[in-house]
Amino acid sequence: MSVSFFQLKHAQDTATTSSGAATADPQLTASAGVEAEAVHEVSAAEEPFSPIPVADITSDSISLSARGDEKLKDEVESLRQQIQIAESQRREVINVMTESLPKILPNVLLNKREELLPMILCLISNHWDCAARDNMSHLLFNLAKRPDAQQRRAILEGFKALAKSMGQDRTESELLPPIWEHLSHKQDERRVLVAEAVAALSPLVRPALRASLLLSILQQLIEDKSSLVRAAVAMSLSALLQFVPDADKFAPVFELLFRLLLDDSQEVNQAATQFLLPSFLDWARSCKYPFSHVLSVFMEKGTLVLNSVGLASASDDNEAIAADYDIRTPLASADKLALTKSQSNTLSLVLSILSNLVPRIKLEVLSDGPFAVWARAKKVESREDEEGMISVLLRQAEEFLDDPRLQEWRSFLYVKDNFMAFLIAVARAVHPINIDIVWAVCSLARDLNIAFGPVISRSVFRPLLEGAFGRSDARTHPSQIIQRQFCRPLPLFVIGVVSTWDDESLVLEQLLSLCVESSTMAGYWRHAAPVSYALDLLCRISSCQEVVIEALCSLTRHAKQDVRICACRHVTSVVHQIGTLLLSRRVVPSLAAALADEVFLVREAALKAAGAVLVASTDGVVVDKLKEALDHVVERAEREDISVLVRVFGSIVPKVPAHMRDYYILPKISSLSTAAVAIQDPAQRMAFAMLVLSCLKAFFDEATLMPVFNHGQDSLSMHLVPSLRNVLRDLDPSDTKVRDVVQDMIIRTNSLLPEDKTKAAPSATGANALKNLFAGDKKDLFGKKDSHDEKEKKKEEKGWDFAVGAMLDKRKDKEKEKEKEEAHKAEAVAAGQPSSSAPDGQNHEGGGEEKGRSSKELERDKDKEGEKKEEKPSGFAGLRRGSLSGKKSVLDKMKNVLYNVPE
């Protein structure tokens, strides 16, 4: 006889309604007690987590109605039997499901297995055997071999439902062991499930286990090789911290946080920054840690890096200081000066975290002030209320700076003395070549100054940073010598403080003063390079570019030549970041005026700045204006200016666009090299030829000595080859190595041209070239009258192109003779004559001695003749043969000679 759950429930309700009548009869009560004891014996054998408490049902059933004792006993016995049958059937069903479910699960589709979750949870909750419950728990964890995010979410929901119904004891004894066992599972998704289970169960276990077992699981998973697992650790740790009241765990939790923030994976970094870091800060605050302590632990990490780097050497040598900011630092030296990847990552992380904490620093400092008692008692209900409160506190803080109670404002003094001291230490220790770190520390100082406003910036932070790079001492003690590390905080002052002021006239005044002092103050900190470096960084801020250009353009007209020189050098550093409008309207006109300056050093600096503009700008208006200014320089024909211009052209050839290279620089170099024939002094002419050669080598590939740019054939034949010939004309006759290399460059360039262009007529030189180039100018290249000796004139008229053509013809004739000789030998062999027969036109029968000699003797003589032919003649012929045959030794020799040409 089977009894349903609803029948049992009806019997229980019936027993409850008749309980009043049953208690009125003592005999019924006594007999019911006997039956109750029997029922309790049955219920004692059952598990405590049985869903239907049998004892409660039977005890409520003993007061049914005031009927006879026998009838009551029969009904109670019948009810007890029905309950036992129902319980037996329940256990049988649970056994069948427990045995069958592991066999059914593998045959269920993966995306449908979550439908089995209620059944698995029911079995875990109701089964009386601990081993069977453990098996079901493992089955729940292994529901999918590689569970995706949705499947993991369903499994975790089941875990939380079980933990809530089972209680803390059974959760810790039955659910945590399978989680621990899957720590080293080979599937990444399973280990992710472990990390996520820690977060799901953290509020459902005892507090002691949260800070011990659960935290230990995450500490082991942080070593996992999978970035997916480490990102899950960051997310789970942020959830776990909300339930860890133990303040003693600050150090290990901070180490976990810092490792996750330093992780190589962007996914892990993002999870740690967005979720774990804010959770850590809130947790530290709930543990009553002062905010200064949180800042100090991050700054300690950066200080460890600074201690490993060491401070800069205290050198008073201006050249040594300028070398720190030289962008042409050799790579070998740069590797020594640059931070390692680990050092750079750690410092970047610390500075990034501190930058993200600036809003919190502002709020903590302002709310901690002696004037902010009312703010600490006020309840902030919205974002607008908080912003309004901060605005009022900031105004009160600006008025409080002159108050005698300022020393009581400890959080503000911590930022002023400790936080800014850390930024200055970073700026001093890091070499300028690590520009990303320098920009990061400057940006952090800028964010801090913007947060506290221009009043606090000018009155508090400005004196600190001026003293950091020695500016305040320079005014009072101008005879002192600045040390190297004191130059490095200059960008920190310019970007971190000056750029934050809301009055543009004050910013302009400060930049003008800074540039003038750095270029005129003798002895102390007369270093233009750090100022150029700082202005370059400042121009990264688009809103500051106009005021920087305004300052520099006005300084190019300064009364002191040192200031004008430094202004042009600063322009060279910043033009690559300036927009086209500022270049066209302000920079190019200022440089044009500086190119006409009466002082050569000013013109030299302006020429270098003009080259930087040509590299930085592709705007046609800017380039045309600058070309016009450079043409005026060529027209004046000052020797020093022309030499600087050639050097500038050589430095920018690899960087400028192709049309600028082919249609402006190369023709200009060709014209200048042609006009150099008018130089009277042979030493000056040879020096200028070497200078032009150093410029032309930028047009050739270092490995092959072939032109590397996409010059047209006209550009090669009309400009590049004539320039090389002019260089060869003016080189020192005794310098055979360089001459041979130039000759080989000519041949290699000619090999790219059709034969008719290799024998082109020589270009005009001397006075005619000057007239054509300068359109009637009366002076030669260096301001002297047009004259040269007849011997030089005849040499030019002959032309190097005919010499090269003759060499090529001679080589072709030799190749033809060799082909004829080989053809004659082949005919002799076919006719049965000796292979050493003479070529056409010779009497073979007349050589009686040769006819009587053996074939071995003839072969020996042939080898001797071959050895004589193998001997390379000295000079150009041997070098040319070696290069044309493609031998590496000769090519390497030419490269060494060419690329070690003195500048």
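Which residues in α27 meet which residues in α28?

## The α27/α28 pair

In this predicted model, the α27 side of the contact is made up of Ile 549, Leu 552 and Leu 555. Across from them, α28 brings in Val 563, Arg 564, Ala 567, His 570, Val 571 and Val 574. Sorted by class, that gives 7 nonpolar, 1 polar and 1 charged residues.

As for geometry, α27 covers residues 545-555 and α28 covers residues 561-574. Their axes come within 8 Å and cross at roughly 145°, and the crossing is left-handed.

## The α30/α31 pair

Further along, α30 and α31 have axes that come within 11 Å and cross at roughly 145°. Here too, α30 passes α31 in a left-handed crossing.

From α30, the contact takes Arg 603, Leu 607, Ala 610, Val 613 and Leu 614. They meet Val 622, Val 623, Leu 626, Leu 630, Val 633 and Arg 636 in α31. The tally for this contact is 9 nonpolar, no polar and 2 charged.

## Thr 618, in the loop

Between α30 (600-616) and α31 (620-636) there's a loop, and Thr 618 sits in it. Buried or exposed, what is Thr 618? It counts as exposed because its relative accessibility is 69%, and the cut-off for exposed is over 50%.

Thr 580 is 38 residues away from Thr 618 along the chain, yet their C-alpha atoms are separated by 8.8 Å.

Helix α22 runs over residues 435-468, and its end C-alpha atoms span only 19 Å. A straight helix of 34 residues would span 50 Å.

Technical notes:
Residues numbered from 1 in each chain as written. Predicted model: local features only at pLDDT ≥ 70, side-chain atom pairs only at ≥ 80, totals over all residues. Heavy atoms only, no water. Helix = DSSP H or I, 4+ residues; strand = E, 2+ residues; numbered from the N terminus. Buried < 20%, exposed > 50% of the residue type's maximum accessible area, 1.4 Å probe, protein only. Expected span 1.5 Å × (residues − 1). Axes fitted to C-alpha atoms, helices over the stretch in contact; angles between N-to-C directions. Left-handed = near helix turned anticlockwise from the far one by under 90°. Contact = heavy atoms within 4.5 Å. Nonpolar A, V, L, I, M, F, W, Y, C, P; charged D, E, K, R; others polar.
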